Amino acid sequence: MAQGGYAGEVVEYPALTRCRAHTASVTDFGAVGDGKTSNTKAFQAAVAHLAQYSSDGGSLLYVPAGRWLTGPFNLTSAFTLFLHRDAVILASQDINEWRVIDPLPSYGRGRDKAGGRYTSLIMGTNLTDVILTGDNGTIDGQGEFWWQKFHKNQLKYTRGYLVELMYTDQILISNLTFLNSMNWNIHPVYSSNIIVKGITILAPVHSPNTDGINPDSCSNVLIENNYIVSGDDCIAIKSGWDEYGIAFGMPSEHIVIKRLTCISPTSAAIAVGSEMSGGVRNVRAEDITAINTESGVRLKTAVGRGNYIKDIYVRGMNLNTMKWVFWMTGNYKSHPDGKFNPKAIPEVNGISYSNVVAQNVTMAGRLDGIENAPFKGICLSNVTVHMAMKAKKLSWECTNIEGVSKGVSPRPCDALEVQSGRDELTACPFPSERLPIEDIEFKQCSYST
């Protein structure tokens with residue numbers, strides 16, 4: 001029996017292509033699950049050993065019950081990391097284990113600090129067919145260590161993430177709990193064909209930048225059935241920062257978000273931006289529940305970002321205790337440096353919301369476009385917002401926007417031209433065809449411990 005495991009237990013796990021031909025336990029490489037012993041070398045050695053099977057049937061690394069302290073480690077292709085339901089991976093608090101790596105080329109610098117950034121806990125680059133899953137095992141970033149240093153300005157570099165996969169195709173992250181990330185939780189970047197489902201993400205609601213799931217210059221993404229409590233946006237769709245993102249030129253596109261539950265008192269359930277300089281298009285979100293959250297689906301951009309946010313479709317939001325239901329801004333202040341192009345004006349067009357019910361709301365909408373470059377094609381239909389007892393007298397604030405509305409209460413601003421019953425608008429558009437990523441079928445596999 002592997003240390004901390006259960007002898008003879010049959011582990012069932014999903015596969016994107018085929019079941020893994022080779023398996024190992026992290027205990028086979030000397031790991032000790034006492035929550036105190038460093039297992040960095042064990043995790044690194046395990047992946048290095050299993051990497052030989054990337055073109056020979058693939059491999060699975062099993063993490064049995066226990067508390068497994070480790071520093072950062074990289075993954076390999078055709079690889080599954082499986083966590084037992086009583087397994088907890090604990091991120092090391094020895095800062096010497098966190099090497100400094102180059103900034104992302106589409107950002108030009110770290111987000112916290114100029115220059116490089118600390119590596120993420122679980123990383124992978126230029127991979128294919130990577131799965132992180134389990135029986136609701138836990139990955140704990142022990143972020144308090146990092147949050148305190150961040151608040152005291154004691155870090156020389158930008159904090160890493162719990163999971164970052166770069167230039168990777170075919171990613172599945174499912175049935176895990178992520179706790180107390182030092183920064184963002186799940187960050188696929190420059191990657192494609194990504195599924196994140198059945199995930200729980202928990203962080204204190206005032207922890208800094210603990211975004212849940214941030215697809216960044218990614219295409220063909222499905223995010224469904226996730227529960228997130230966060231100190232920042234529950235989901236944020238990004239694609240690079242100002243001149244660096246424009247030069248890199250990789251959009252985020254063809255993204256589906258379904259059945260999200262979010263709690264984030266200072267941020268959005270879903271954000272687009274603010275770093276969106278590669279462009280963001282064809283995002284579909286439906287069945288979104290947010291409680292005690294600053295806004296529903298928020299668009300963030302600025303002069304200097306360039307490119308576009310377009311074809312964003314939202315249908316079915318149930319919101320309770322919100323500062324804003326609808327929030328868009330074209331004046332987001334942050335820039336990587338002073339070299340951004342003031343003529344790089346982002347285009348925002350084709351933003352649709354339908355079937356929205358919200359309770360206990362301070363302000364229905366704050367929609368602020370860019371002077372001489374208004375946000376266009378905004379559509380609101382079948383929206384009912386119940387204002388809070390202490391709500392602002394002005395329910396809507398709109399500048400530099402153009403759009404239409406029907407069946408919206410309280411009555412929206414004049415810039416959202418109200419369509420009467422005789423007009424053609426019956427509901428804002430939402431694509432009827434499914435994206436291929438929604439119809440991926442998993443193989444069911446098993447492994448005996």
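Reader: Hi! Among contacts in the protein chain between residues at least 6 apart in sequence, what share join residues at least 24 apart?

Author: That share is 78%, where contact means heavy atoms within 4.5 Å. Before we go on, this is a predicted model in which local features need pLDDT of at least 70, side-chain atom pairs count only at pLDDT 80 or more, and totals for chains, interfaces and linings use all residues. Residues are numbered from 1 along each chain as its sequence is written, and side-chain values use heavy atoms, with hydrogens and water left out.

Reader: Thanks! How many helices and strands does the protein chain have?

Author: The protein chain has three helices and 32 strands. Both are DSSP runs numbered from the N terminus, with helices being H or I of at least four residues and strands E of at least two.

Reader: And what about the overall dimensions of the C-alpha trace?

Author: Along its principal axes the trace spans about 70 × 45 × 40 Å. The radius of gyration is 22 Å, which agrees with the value near 22 Å that a compact globule of 449 residues would have. That radius is taken over C-alpha atoms, and the globule rule is 2.2 Å times the number of residues to the power 0.38.

Reader: What percentage of the residues count as buried?

Author: Of the 449 residues, 59% count as buried. The cut-offs are under 20% relative accessible area for buried, over 50% for exposed, and partly exposed in between, using a 1.4 Å probe and protein chains only.

Reader: How about the surface and the charges: what are the numbers there?

Author: The accessible surface comes to about 17100 Å², and 47% of that belongs to carbon and sulfur atoms. Those areas come from the Shrake-Rupley method with a 1.4 Å probe; for residues, only the protein chains shown count as cover. As for charges, there are 40 positive and 43 negative side chains, with the centres of the two sets 5 Å apart. Lys and Arg count as positive and Asp and Glu as negative, while His and the chain ends are not counted. Each charge is placed at NZ of Lys, CZ of Arg, CG of Asp or CD of Glu.

Reader: Let's switch to sheets. What is the strand order in the open sheet of four strands?

Author: The order is β6-β11-β14-β17, with parallel pairing. β6 and β17 (186-189) are the edge strands, each pairing on one side only. Two strands pair if DSSP finds at least two bridges between them.

Reader: How many bridges join each pair?

Author: β6 (residues 73-74) and β11 (residues 122-125) pair over two bridges. Four bridges link β11 to β14 (residues 163-166), and four also join β14 to β17.

Reader: Nice. Now helix α2: which of its residues are buried?

Author: In α2 (residues 144-151), the buried ones are Phe145, Trp146 and Trp147. Their cover includes β10 (117-118). After the helix comes Asn153, with a positive phi near 55 degrees.

Reader: Where does Asn180 lie, and what is its phi?

Author: Asn180 lies in the loop between β16 (176-179) and β17. Its phi is positive, about 50 degrees, although Asn180 is not a glycine. Asn180 counts as partly exposed because its relative accessibility is 24%.

Reader: What about Arg259?

Author: Arg259 has a positive phi near 50 degrees, but this residue lies in strand β22 (residues 252-263). Arg259 is at 37% relative accessibility, so it counts as partly exposed.
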